[in-house]
Amino acid sequence: MIRVMCSGRVDLSFVLRAFANGMDGVFIGGCNLGECNYDTHGNYHALNMVLLAKKIMNHIGLNPDRLRVEYMSSGDGILFAEVMTDFTKKVKALGPLGKGEGLDEQELKSRLAAVSNLVPYIKIAKKEKLATPLKHKSKAEYEALFTSEEIDELLGKPVSYYIDPSKCQACMICARRCPEEAIISVKNQIHVIEQDKCIKCGTCFDVCPSRFGAVTKISGEPVPPPLPEEERTIKRTN
Ligand code: SF4
Ligand code: SF4
């Protein structure tokens, strides 16, 4: 399957979706680094995204060699053919996705689904590194951008957001700003985050007025259960 778009447009979620849809390998071809026709230099973004995706693949037990990015110009037809032949050969040698890594189908699906749900959170947590162009084109620099330890830490203990019922004053600001409508918002009632809809963007944490400070960031601990509906009526503190 071939998709044509600027390499900078290739999102981490596209890569994970391709694997979830059964692709054994994903190849991204971009224009040569430093030769983008636009100010955006999206091919650098693609490189950083791929470096991150490889570490994520490693974390969930997939061989990162199933993902490859290469840069070339439109005149590099022979190089393109060589690279594609080599990539195809290597992916074939790795075997079908999951099987080659000793994962059964269900386990593979569940790992890919779990990490795909965390894409917005991962992108926010790593936004600075994702936006930093790598200048030296060296393997050492590429390897150092994201370490396995930081990705294990990020994905091993993902944050969750929770509204403390004793502090929420139902001002509704968080619900208005939540990009996923993940906050149950009823006038004069303590607000509640629906954890299965939350993409962990942290907006509610940032916008909850400091005088209330009702949104809490939780890491490595279970989120307390939501308050039963009949107990959500606000007892105002001011
Ligand atoms: S972190 Fe907060 S604002 Fe972001 S999706 Fe979750 S509930 Fe909504
Ligand atoms: S912004 Fe804070 S105080 Fe206001 S409804 Fe949300 S959690 Fe409650």
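Helix 1 (residues 12–20) and helix 4 (residues 105–117) pack against each other at an angle of about 165°, their axes lying 10 Å apart, in what is a predicted model. Because angles over 145 degrees count as roughly antiparallel, helix 1 and helix 4 are described as roughly antiparallel to each other. The protein in which this pair sits has 10 helices and six strands, and its C-alpha trace spans about 70 × 45 × 30 Å along the principal axes.

**The protein as a whole**

- Of the 238 residues in the protein, 25% are buried.

**Helix 1 with helix 4**

- The crossing in which helix 1 passes helix 4 is left-handed.
- On the side of helix 1 the residues that take part are S13, L16, F19 and A20, and they meet L112, V115 and S116 in helix 4.
- Sorted by class, this contact of helix 1 with helix 4 has five nonpolar and two polar residues, with no charged residues.

**Helix 2 with helix 8**

- Helix 2 (residues 42–59) and helix 8 have axes that come within 9 Å and cross at roughly 65°, which makes helix 2 roughly perpendicular to helix 8.
- Here the crossing is right-handed, as helix 2 passes helix 8.
- K55, I56, N58 and H59 are the residues of helix 2 that meet S148, I151, D152 and L155 in helix 8.
- By class, the contact of helix 2 with helix 8 comprises three nonpolar, three polar and two charged residues.

**I151, a residue of helix 8**

- I151 is found in helix 8, which covers residues 148–156, and I151 is buried because 20 other C-beta atoms lie within 10 Å.
- When residues up to four places away in sequence are not counted, I151 touches K55, I56, H59 and F146.
- I151 and I56 are 95 residues apart in sequence, yet from C-alpha to C-alpha they are 6.7 Å apart in space.

**Surroundings of the two ligands**

- Around ligand 1 there are 14 residues, of which C178, C198, C201, T203 and C204 come nearest.
- The shell around ligand 1 divides by class into 10 nonpolar, two polar and two charged residues.
- Around ligand 2 there are 13 residues, and those that come nearest are C168, C171, C174, C208 and A214.
- The shell around ligand 2 divides into 11 nonpolar and two polar residues, with no charged residues.

**Two loop residues with positive phi**

- E181 is not a glycine, although its phi is positive at about 50°; the place of E181 is in the loop that runs between helix 9 (173–177) and strand 4 (183–184).
- E181 counts as exposed because it has 10 C-beta neighbours inside 10 Å, where the cut-off for an exposed residue is 12 or fewer.
- K200 likewise has a positive phi without being a glycine, in this case of about 60°, and K200 lies in the loop between strand 5 (192–193) and helix 10 (203–207).
- K200 is buried, since 21 other C-beta atoms lie within 10 Å, and a residue counts as buried at 20 or more.

Methods. Residues numbered from 1 in each chain as written. Chains lettered and ligands numbered in written order. Predicted model: local features only at pLDDT ≥ 70, side-chain atom pairs only at ≥ 80, totals over all residues. Axes fitted to C-alpha atoms, helices over the stretch in contact; angles between N-to-C directions. Helix = DSSP H or I, 4+ residues; strand = E, 2+ residues; numbered from the N terminus. Parallel < 35°, antiparallel > 145°, perpendicular 65-115°, else oblique. Left-handed = near helix turned anticlockwise from the far one by under 90°. Contact = placed C-beta atoms within 7 Å. Nonpolar A, V, L, I, M, F, W, Y, C, P; charged D, E, K, R; others polar. Near = placed C-beta within 6 Å.
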